Amino acid sequence: MLFLSGICTALAIMVLISRSIPEGRRNALLILEAGCALLLICDRFAYIYRGDISHTGYIMVRVCNFLVYMFSLIIVQAFNHFLIELLYPGQDENGSILLNICDFLLMLGGGLTIVSQFTGIFYYFDEMNLYHRNSGIVLFWIITLTVLLIQMIVVARSKQSLSLSMRITMLLFAIVPFTATILQTKFYGLSLTNISIVGLAMLLYLITLLDMNATVAKANQQEIKMLRDEQELMQNLFDQTASALASAIDAKDKYTHGHSGRVAEYSESIARTYGMSEEDCRKVYYAALLHDVGKIGIADSIITKDGKLTKEEFAEIKKHPAIGSQILSNISLSKHLSDGAHFHHERYDGTGYPNGIAEEKIPVFARIIAVADSYDAMTSKRSYRDPLPQQVVREEIVKGMGTQFDPEFAKVMIHLIDIDTEYEMQEREEVKELTEDTILTCNEAQTIFSDGIPVTYNEVSIHIKSLPTEGTDPAQASPTLVLFDSLDAKVHAAPNDKCAKERQYFEYAYINTNGESKCIGARKIRTKFLSGKYEPPGDKGREYDVYAVRFKDHTRIRIATDSYICEMIIALPDSTRYTYVSLTGDNCTLTGFRIKKTGLRADDSTIERIAPEINFLVGPVGNIPNIQINGWRSAYTKGVLLNKTAQISFHTRSLPTAWLIWHCAFIVLYSSDDGTIDGADYKELAFLRLDGECWNDYDKVTNHTRIERSEDFGSWDDWIQKHKNGTDCSASIERKGNMIFTEISGGGLHIKNTTSIFDDIDDVYLTITGDQCVVTNIHLDT
């Protein structure tokens, strides 16, 4: 009892200092725990002094037994008030009427206990100072049991407003003392009721504390949710405001519609690919979205001018970074916004504006925006040009590395371009796809052309329905196929104009569905009717099925109708260019288009060769066979195991069709089970191009590249020309454990690369490949 009393005293102190429990419940718990402690102490002293006939014993037995009865009632009454505060805080609900009745009964019990001291109706003491129950004790038990029973009913009725743990505790507080009181009538001398009440009082405190902690946690979660919702609302509001402001800026010029949004998306992609945190990615997004806000302060006549700006006008437009910075500087918590507006026209070499700062002095977000801004400018339509081809844009980014752009972020942009095989990162225009509902009206000879359909190693079939133009001779109505190559996959009616030259437009041949053809850039065309013969279409026109496939430098076109099948084999001038087919015609309307792949993949036996394969492999041969690489990594030297060191020398020359910086030779370091490219468990450790680009596709490898330009480098145009003429190159490769050191020299560039391998790789191989080039006189010493 003393031990339990100490615990109850400690709990009473803890309740007293607790601030998480509401005041009403805290006061009730304090009285309950303190009452339990005093009850146990009084019960203990009543036991100690029983039978003690001394004056002290006489007083202690009577006082302590009286307090035991009173504290029993006080504890139950404290529990009653706890229920009122828990179930009906600050309210006069009907449910509290029952608990008020309990208060009345407990007060009645207290009054009868006082009367019992004089009348002995509950208990009395004999001449030996021993405690005895009297017959009136039944009334005390009835009062106590009635109160506990009412409390049990109230708790049971209030299950919806209580947690499960609290509801069980409340029921136990009513049921267990109720049961103990009944047992108390049979087991004289045992304080079953008191001990059960004390034990449950301790449990009540613990459950109350846990329940309040759960309530506080729930409240905190709700508060956090409210804060998160508020933050999300504010973020959405900021996003909508920033987007509206960016749209208002872009609306000043019809040719910059959507520019700010695209620059923001590209900037975010660069930051994420570079490995920045999600927070920084969002920051650079909004900085890019508002980078041109300063154009609000520039006259519309300058912004929308179609022609070249005058010196004065250009000086005026150069003010927009400072204006934008001034506008956004009022957002003091987001300095990156004003930095993005202020410094996005700075150049990495220090020749930009408005401050002329260089390299790391330019804020990092501004360096990212500079790359994304230039990329979007080149890939968007302007009053004086269409969007530039993706290869041209890539070339310009490469040329700007270290001068206009931060090399690291330019490298990331180049990577994004390389993986964007469908050229999705550009200003979107309405796509004109050929469908059954598409109608091409070709009233005049070859004036309307469809967009190009790629002709690849996978055969494609094109269904066409041709109807003669009303009032014309059906015999003169004939669909025509144009075989060509162009960076934008479109036919250019004036092949010699500037736009066509920029897009590397090249026509191979015109092929008429009647079997006639016109050889333009192709080397040779052979026509053969496989069945039937050509007959002019009737008034209802004719349906055609065209089958097109390519293998290396040969293309095959088969035209099938209900009366004949005609085959044409076209020997192309090389294997490097692409091939597209466009549909046009004369005096006819083309419709009913259906395009699909047939499932045939070309090989050496698919197309009969009518002209020898173009071979640029001239010159001496080293200890490694010469290779001609017609397309991106289309040929490789045999993989050689790298023991410790390797010395390589070779001569390389770009093919006549090459025109980009990356049309050059590459050195690849890799690992595979059988030592072959793309063999089992293939891991590409380093892909080193002679222009200094380096990549790897294995996540347990890092490459650090440094490029030095010699005095004879000149410019990138000079570098391309050197490779056109042919240049000698050398490379040294050394492996030291999990480190590989590579140095490559050629064309005025000296490339140093360190490959760090974070994996157990035993064998590393090297090979030479490239894009649109030949590699000859290869000498390899290991």
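1. Starting at Arg689: its side chain makes a polar contact with the side chain of Glu693 at 2.4 Å (a polar contact being a pair of N or O atoms within 3.5 Å, where within protein one must be able to donate a hydrogen and the other to accept it, and residues adjacent in sequence count only if both atoms are side-chain atoms). Arg689 lies in strand S19, residues 683–689; strands (E, at least two residues) and helices (H or I, at least four) are DSSP runs numbered from the N terminus. With a relative accessible area of 1%, Arg689 is buried, where buried means under 20%, exposed over 50% and partly exposed in between (1.4 Å probe, protein chains only). Leaving out residues up to four places away in sequence, Arg689 touches Arg394, Trp632, Trp662, Cys664, Ala665, Phe666 and Ile751, with contact meaning heavy atoms within 4.5 Å.

2. Some ground rules. This is a predicted model, in which local features need pLDDT of at least 70 and side-chain atom pairs count only at pLDDT 80 or more, while totals for chains, interfaces and linings use all residues. Residues are numbered from 1 along each chain as its sequence is written, and side-chain values use heavy atoms, with hydrogens and water left out.

3. Back to Arg394, one of the residues that Arg689 touches. On the H15 side, the contact with H16 is made by Gln390, Arg394, Ile397 and Val398, and on the H16 side by Ala410, Ile414, Ile417 and Asp418. By class that is 5 nonpolar, 1 polar and 2 charged residues; Ala, Val, Leu, Ile, Met, Phe, Trp, Tyr, Cys and Pro count as nonpolar, Asp, Glu, Lys and Arg as charged, and the others, Gly among them, as polar. The axes of H15 (residues 390–400) and H16 (residues 407–419) come within 10 Å and cross at roughly 165 degrees. Axes here are lines fitted to C-alpha atoms, for helices over the stretch in contact, and angles run from 0 to 180 degrees between N-to-C directions. H15 and H16 are therefore roughly antiparallel (over 145 degrees; under 35 is roughly parallel, 65 to 115 roughly perpendicular, the rest oblique).

4. Next, H2 and H3. The axes of H2 (residues 23–48) and H3 (residues 55–87) come within 8 Å, crossing at roughly 160 degrees, so H2 is roughly antiparallel to H3. Their contact has 22 nonpolar, 5 polar and 3 charged residues.

5. H12 (residues 320–328) and H13 (residues 335–343) pack at about 170 degrees with axes 7 Å apart, which makes this pair roughly antiparallel too. H12 brings Pro321, Ala322, Gly324, Ser325 and Leu328 to the contact, and H13 brings Leu337, Ser338, Ala341 and His342. No charged residues take part: the classes are 5 nonpolar and 4 polar.

6. Most residues other than glycine have a negative phi, and most peptide bonds are trans. Tyr353 and Pro354, however, are joined by a cis peptide bond, omega about 10 degrees, and Pro354 sits in the loop between H13 and H14 (364–378). Asn129 has a positive phi near 65 degrees and is buried at 3% relative accessible area. Asp678 also has a positive phi, about 65 degrees, but counts as exposed at 61%; its loop runs between S18 (665–671) and S19.

7. Finally, Thr472, in the loop between S5 (458–468) and S6 (478–485). Its side chain reaches the backbone oxygen of Thr469 at 2.5 Å, and Thr472 counts as partly exposed at 26%. The C-alpha atoms of Thr472 and Asn587 are separated by 6.9 Å, though these residues are 115 apart along the chain.
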